[in-house]
Amino acid sequence: MADMPTVRWGIVATGKISGWFVEDILRRDWPQRSASHIVQAVGASSLGKSQKFAEEFITARNNSDVQPELYGSYKEVYKNDDVDCVYIGTPHSFHKQNCLDAIAAGKNVLCEKPFTMNAKEAEEVFAAAKAKGVYIMEAVWTRFFPTVKALQKMLHEEKKLGKIYRMWCDFGLDIDIPSLPDDSRYKDPALGAGSLLDIGIYSITWGLLTLSENVGDAADDPEVASTQTLSHGVDTDSSVLLKYPSTGRQGICTSSTNFDSSGAFARIEGSEGHIEVFGGKAASPQMFVFHPKDGRKEERHEFEKPGRGFYWEADAVAHDLKAGEKESETVPHAETMRMMRIMDGVRKRGGARFPVDDW
Ligand SMILES: NC(=O)C1=CN([C@@H]2O[C@H](COP(=O)(O)OP(=O)(O)OC[C@H]3O[C@@H](n4cnc5c(N)ncnc54)[C@H](OP(=O)(O)O)[C@@H]3O)[C@@H](O)[C@H]2O)C=CC1
Ligand SMILES: O=C1OC[C@@H](O)[C@H](O)[C@H]1O
């Protein structure tokens, strides 16, 4: 316990994801913890919101003597000398500016997915972080789940599936978008609304992590084809095809805000059998089942997950910061850039072709 790295977090925004993140990092019933986490400061658009957030998510769970500083602005979080790392939980379209402000104040950053609205913005943020010498990572929390690490080992090191041919992954949520207020992040294109940036990013992540053994600069770029269906400028359905020219491996990565997907959310197919992956949704995998082709008994690989599972990425950040790293091995800058470039292409193709006016 004593040797565990500790991160003093500054939380920016008090919406849904910030609550989930804080609940998880302050959990006590989590046996595999390898770092400790303190919520040092919370910033919101008003002081009342920070106070309400602290009452709901911090007070009863606080493991440390530190009482978080509560602010009615984000800037005060960036300025707080006791904050080691800023967690950004605003809607997508604010990520770039929030990151730049935190970096300018010399803060390390964990920024929610999608990192920014497009690749150009992401490049700007990474350049600023490099110039300032701070750590920054896109919070692709799924990549840190033990389920994913074990699956990657089975696919790419043990090669139990033999030759990998193909995968599919689907992430569907049934969101009644017309019933939402116009300023909802699920409805307002200016806030980045749409299936691709919100949940399609997970399906593509599964494509990248199952079809390629590498990540970041070491990985190849797949060829990409795609289509989207749009309502009022919001892509409700996004279908993305990946193909790796060097291996012929293909991925079918889909997302929808019109249908709530359940059951297996992904399947990976190879010469020796197939693997199905299960969980709440593609963001949060809990189990995979290997079905060998030769009729041998199926193998179930199930993983414990108290809470939602945000602590694995938070612990990884703690270890990176302790080691003086400026980026994560699991989600390096180059991998975020790859994802942003893929999604830029999908949005360019999708926006022009299938506008549907049904709200
Ligand atoms: N990793 C994951 O599993 C998840 C990640 N996310 C990501 O987190 C981000 C936020 O999503 P979520 O928490 O669901 O969003 P919410 O709408 O619940 O919260 C967003 C928060 O951002 C702040 N904010 C600042 N400016 C605005 C604005 N103009 N409109 C709305 N909110 C504003 C508000 O906080 P305040 O008033 O306190 O400043 C608000 O509470 C998204 O980028 C999303 O992709 C979301 C859900 C799950
Ligand atoms: O990242 C996410 O995962 C869970 C969904 O509810 C949410 O819309 C999305 O942002």
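**View 1. The loop at His 232.** His 232 sits in the loop that joins strand E8 (223-231) to strand E9 (234-243), where helices (H or I, at least four residues) and strands (E, at least two) are DSSP runs numbered from the N terminus. The model is a predicted one, in which local features need pLDDT of at least 70 and side-chain atom pairs count only at pLDDT 80 or more, while totals for chains, interfaces and linings use all residues. Residues are numbered from 1 along each chain as its sequence is written, and chains are lettered from A and ligands numbered from 1 in the order in which they are written. Although His 232 is not a glycine, its phi is positive, at about 50°. Because 16 C-beta neighbours lie inside 10 Å, His 232 counts as partly exposed; a residue is buried if 20 or more other C-beta atoms, placed from the backbone, lie within 10 Å of its own, exposed if 12 or fewer, and partly exposed in between.

View 2. H6 has 12 residues and reaches 15 Å from its first C-alpha to its last, close to the 16 Å expected at 1.5 Å a residue, the expected span being 1.5 Å times one less than the number of residues. Thr 147, Val 148, Leu 151 and Leu 155 are the buried residues of H6. Seen down the axis of H6, these buried residues fall within an arc of 90°, so they line one face of the helix, the arc being that of the directions from the helix axis to the C-beta atoms. On the other side of H6, Lys 153 and Glu 157 are exposed. The buried residues pack against E7, helix H7 (195-211), strand E11 (266-270), E12 and E13, with contact taken as C-beta atoms, placed from the backbone, within 7 Å. Lys 159 follows H6 and is found in the loop between helix H6 (146-157) and strand E7 (164-172). Phi of Lys 159 is near 50°, a positive value in a residue other than glycine, and with 15 C-beta neighbours inside 10 Å Lys 159 counts as partly exposed.

**View 3. Ala 282 between two strands.** Ala 282 is placed in the loop between strand E12 (273-279) and strand E13 (285-292), and it counts as buried because it has 24 C-beta neighbours inside 10 Å. Leaving aside residues up to four places away in sequence, Ala 282 touches Cys 169, Phe 171, Tyr 202, Ser 203, Trp 206, Phe 265 and Ala 266. From C-alpha to C-alpha, Ala 282 and Phe 265 are 6.0 Å apart in space, with 17 residues separating them in sequence.

**View 4. Helix H2 and its packing.** Helix H2 (residues 47-58) has 12 residues and reaches 15 Å from its first C-alpha to its last, close to the 16 Å expected at 1.5 Å a residue. Its buried residues are Ser 50, Phe 53, Ala 54, Phe 57 and Ile 58. They fall within an arc of 100° when seen down the axis of H2, so they line one face of the helix. These buried residues pack against H1, strand E2 (36-43) and strand E3 (69-71), whereas the face turned away from the buried side carries the exposed residues Gly 48 and Glu 55.

View 5. The peptide bond from Lys 113 to Pro 114 is cis, with omega near -15°. Pro 114 has its place in the loop between strand E5 (108-112) and H5.

View 6. The domain assignment of the chain gives domain 1 (6-142) and domain 2 (147-310 + 340-356), with bounds that come from an automatic or database domain assignment. The C-alpha centres of the two domains lie 26 Å apart, and 22 residues of domain 1 are in contact with 20 residues of domain 2. On the side of domain 1 that touches domain 2, H1, H4 and helix H5 (119-132) each supply at least two residues, and the largest share, 5 residues, comes from H1. By class, this side of domain 1 has 12 nonpolar, 5 polar and 5 charged residues, where Ala, Val, Leu, Ile, Met, Phe, Trp, Tyr, Cys and Pro count as nonpolar, Asp, Glu, Lys and Arg as charged, and the others, Gly among them, as polar.

**View 7. The shell around ligand 1.** Ligand 1 is surrounded by 22 residues, of which the closest are Thr 14, Gly 15, Ile 17, Ala 44 and Ser 45; a residue is near a molecule if its C-beta atom, placed from the backbone, lies within 6 Å of it. Helix H1 (16-25) and helix H4 (92-104) each supply at least two residues of this shell, which draws at least three residues from each of domain 1 and domain 2.

Terms used. Contact = placed C-beta atoms within 7 Å.
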